[in-house]
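Subject: Structure handover

Hi,

Here is the structure I promised to send over. Please open it first, then read my notes below.

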Amino acid sequence: MTSTSVRRHKATGLLVLLAALVVTGIGYTAVTTTAEAAPTAASQTQVDAGRQLFLQGCATCHGLAAQGTGSGPGLIGVGAAAVDFQVSTGRMPLAAPAVQAPRKPPSYTAEQVSALAAYVASLGAGPAIPSASDVSTTDANLAEGGELFRTNCQQCHNYSGAGGALSDGRYAPSLMRATPTEIYEAMITGPQNMPNFTDATLPKAQKQAIIKYIAHLQQAAAPGGLALGSYGPVTEGVVIWVAGIGALLLASVWIGAKVR
Amino acid sequence: MSVIVKEASKALSRADERAPISSLAKANLRKIFPDHWSFMLGEIALYSFLILLLTGVYLTIWFKPSMTEVIYNGSYAPLEGISMSEAYSSTLKISFDVRGGLLIRQIHHWAALFFMAAMIVHMFRIFFTGAFRKPRELNWVIGGSMIIIGLLEGFAGYSLPDDLLSGVGVRIVAGIVESIPVVGTYLMFFIFGGEFPGNDFIPRLYTFHVLLVPGILLALVGLHLVLVFYHKHTQYPGPGRTNTNVVGFPLFPVYTAKAGGFFFVVFGVTTLIAAFVTINPIWAYGPYVPDQVTAGSQPDWYIGFLDGMLRAFPPLESNIWGHTISWNVFVPAAVMPGILLGALLAYPFIEAWVTGDRGEHHLLDRPRNAATRTALGTMTITFYGILVINGANDIIAQAFGIPFNNITWFTRVAVFVLPPLVFLATRRFCLGLQRRDRELLLHGRESGQILRLPHGEFIEIHTPISNEEKAVILSKVDIAAIEPPAATDENGVATPGYKALRRRAKFSRLFYGDNVASPTAAEIAAAEHHAHALDDLEVDELHEAGKDVPAQLTD
């Protein structure tokens with residue numbers, strides 16, 4: 001809706017020119033400065049590749065050394081999990097400044113995401129990407145997961161995981177497409193408005209139970225028929241007024257029609 | 001055949017010896033009711049109420065109104081081993097382990113939404129056609145009371161399962177009760193038998209929901225219908241319909257068949273919706289725990305306007321002698337609903353006072369002919385609609401990506417700006433329609449046929465309207481606005497109650513001052529004569545020129 005109007009805006013040409021200048025300038029500095037990050041567990045080549053990607057795609061907002069700028073937070077110490085969550089769900093890089101980064105198709109391949117994650121992890125210690133055994137739910141208890149979900153998650157994400165509104169246009173996103181790894185990463189990194197659930201507040205076993213419950217929500221059958229987007233009584237009210245009263249008005253017009 | 005007739009009449013006479021069956025039937029079965037589709041709206045409410053009674057009985061067989069904590073081990077796995085109240089666990093049982101239980105529960109809940117919606121649509125019809133005027137004011141009050149009681153009854157039913165969503169609603173109600181100055185806290189402790197939520201609330205609410213309120217509603221429904229019977233049904237204006245007759249069909253067999261059929265239509269539509277669309281998935285909400293809440297917590301639609309008012313009100317509080325008074329809860333959730341619903345009940349009396357109209361009305365008003373009343377109605381609906389929208393502000397924010405703070409601010413401005421605008425627009429619109437009616441009576445309808453006469457003049461042929469249309473338009477009763485009295489009489493003595501009389505004259509002028517007067521009989525006759533005189537001249541001219549004469553001119 002807005003893409004054409006944005007393109008035709010008076011200031012667009014000027015902004016594109018500015019952006020091009022900024023990118024060229026940053027690209028130039030990126031080429032001339034020397035890397036000083038210490039190699040970690042990830043291979044040095046991966047970190048180097050990640051650094052290149054970072055300088056091209058992320059440094060504009062997050063700063064050349066990931067120290068943060070006025071337009072983006074510093075990333076030293078956020079860990080690989082945060083990068084993996086933000087980039088693999090397409091939230092980063094941002095398409096446009098907004099109150100909140102929406103989920104969208106990712107801009108980087110899985111390989112590039114790991115390279116970026118390796119680079120950011122090399123800057124300072126932070127939560128690592130959870131392993132397959134971390135997010136395994138085989139030993140988790142579904143009902144306990146439900147209880148934990150109702151206590152910790154649904155006040156923002158809705159009882160059904162459909163998401164909900166927060167103040168000033170911010171929102172808790174729908175969980176319907178979140179993978180177990182993404183859920184785990186979100187809990188340990190606290191992206192955007194979400195609080196951080198460290199292992200001290202929510203032990204790993206409880207995180208796994210929550211993941212199991214969300215997986216149940218994602219594929220739960222609706223025993224009562226159409227779930228109406230799981231929005232609750234508002235959509236039920238719309239149904240009764242539009243479909244219900246609508247149908248009965250038609251019926252009464254039909255029965256009350258004069259026979260001539 | 002004759003044997004059957006003989007046996008039937010024998011049985012009837014035996015019955016008649018004990019109760020006046022046939023004389024009552026004779027007197028009432030042939031009672032005439034007028035026919036119109038909008039007269040069936042109240043029936044939707046009546047039938048929904050019957051459906052509620054039938055399905056409600058089924059649900060009481062398994063529902064346990066108890067707040068005793070139990071550990072769930074029914075067939076819904078995601079709640080296995082969770083501690084919950086017996087009320088919630090028995091509702092889960094009805095939903096998953098009782099045959100047909102979920103369907104009946106959903107029919108019951110959908111029928112409740114229907115009941116409230118149908119009562120309100122029925123009220124619109126009564127309001128906009130002025131059917132509440134003398135002698136039916138009492139029936140308006142009964143109907144309005146049923147809407148208010150239905151609201152409480154619906155809320156009680158929504159709360160009984162003791163699921164997380166309803167528990168949040170009950171918590172809000174507890175907060176509203178507590179917000180009443182001085183007595184609030186005591187009242188809350190009285191209702192809940194101690195601190196919220198306590199152990200008494202669900203059993204108390206149950207008695208209220210299945211015994212007390214349905215009993216009151218049933219009595220009011222009966223009274224409502226008896227009064228409809230006693231007053232005779234109002235009718236729309238039309239040829240042969242006057243304030244002193246009823247034109248229509250007999251109760252038996254016409255309306256018994258229509259009404260009987262309509263009951264099954266209502267039951268059928270309710271059951272279809274209940275079979276295909278989820279309502280109140282209590283299993284997904286989980287049991288009520290006071291420290292839990294879900295995003296998007298919402299009441300059923302008929303409570304939405306109260307929630308909308310509560311959400312829009314600015315955060316005002318004051319502290320008097322160490323006691324906090326939460327105006328932000330007390331005013332929007334207790335005072336305002338009281339004023340609004342009180343005004344609703346009092347409306348027939350307010351209008352009668354303003355218009356000074358003391359006559360009986362059995363012929364319905366056309367909404368355009370009561371421009372100010374119609375405008376008041378659309379104004380109120382606009383006000384209500386804005387509040388309903390604000391009640392759902394978080395859901396709208398989520399669904400349409402609008403910050404809900406913006407919706408709240410829109411509401412705070414719009415509740416004051418939009419209703420008056422709608423009032424003015426509706427009133428203009430109605431007055432325009434009155435003017436159009438007058439034109440139609442005097443000059444007929446423009447046919448769009450242009451005729452060129454032999455001498456070169458162009459005329460447009462006007463088609464006179466049918467007698468039915470004429471009768472409908474002529475049903476308008478012109479009422480003069482009350483003139484304000486002189487401030488003093490000829491001796492210079494002040495008129496008693498002058499200010500009140502002047503105020504009333506102002507209101508009366510608002511109601512009737514701008515009404516377009518119906519044409520007088522003389523005006524109609526003159527217009528007809530004028531049309532005919534012209535027509536005759538034109539017919540002659542066309543004849544002389546040897547042209548075809550259009551049918552409209554020779555009528």
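In chain A, twelve residues of domain 1 touch twelve residues of domain 2. Two residues count as in contact if their C-beta atoms, placed from the backbone, lie within 7 Å. The domain 1 side of that contact has six nonpolar, four polar and two charged residues. For these classes, Ala, Val, Leu, Ile, Met, Phe, Trp, Tyr, Cys and Pro are nonpolar, Asp, Glu, Lys and Arg are charged, and the others, Gly among them, are polar. Domain 1 covers 26-123 and domain 2 covers 142-231, with bounds from an automatic or database domain assignment. Their C-alpha centres are 26 Å apart.

Before going on, two notes on conventions. This is a predicted model, in which local features need pLDDT of at least 70 and side-chain atom pairs count only at pLDDT 80 or more, while totals for chains, interfaces and linings use all residues. Residues are numbered from 1 along each chain as its sequence is written, and chains are lettered from A and ligands numbered from 1 in the order in which they are written.

**Chain B overall**

Chain B has 20 helices and eight strands. Both are DSSP runs numbered from the N terminus: helices are H or I with at least four residues, strands are E with at least two. Along the principal axes, the C-alpha atoms of chain B fill a box of roughly 100 × 80 × 60 Å. Of the 555 residues in chain B, 36% are buried. Buried means 20 or more other C-beta atoms within 10 Å of the residue's own; exposed means 12 or fewer; partly exposed is in between, with C-beta atoms placed from the backbone. Take the contacts in chain B with a separation of 6 or more: 71% of them join residues 24 or more positions apart.

**Where the chains meet**

Which residues are involved? The contact takes in 56 residues of chain B and 50 residues of chain A. Several helices of chain B each give at least two residues to this side, including H3 (41-60), H5 (101-128) and H16 (404-443). H10(B) gives the largest share, nine residues. By class, the chain B side has 38 nonpolar, 13 polar and five charged residues.

One helix pair is worth a look. The axes of H11 (residues 233-256) of chain A and H5(B) come within 10 Å and cross at roughly 65°. Axes here are lines fitted to C-alpha atoms, for helices over the stretch in contact, and angles run from 0 to 180 degrees between N-to-C directions. Among the residues that meet are A:Trp241 and A:Ile245 in H11(A), and B:Trp110 and B:Phe114 in H5(B). This contact has nine nonpolar, two polar and one charged residues.

Most residues other than glycine have a negative phi, and most peptide bonds are trans. Here are the exceptions I would check.

- A:Met92 and A:Pro93 are joined by a cis peptide bond, omega about -5°. A:Pro93 sits in the loop between H5 (79-88) and H6 (110-123) of chain A.
- B:Lys134 to B:Pro135 is also cis, omega near 5°. B:Pro135 lies in the loop between H5 and H6 (137-159) of chain B.
- A:Asn158 has a positive phi, near 80°. A:Asn158 is buried, with 27 other C-beta atoms within 10 Å.
- A:Gln192 has a positive phi, near 50°. A:Gln192 is partly exposed, with 16 other C-beta atoms within 10 Å.

Best wishes
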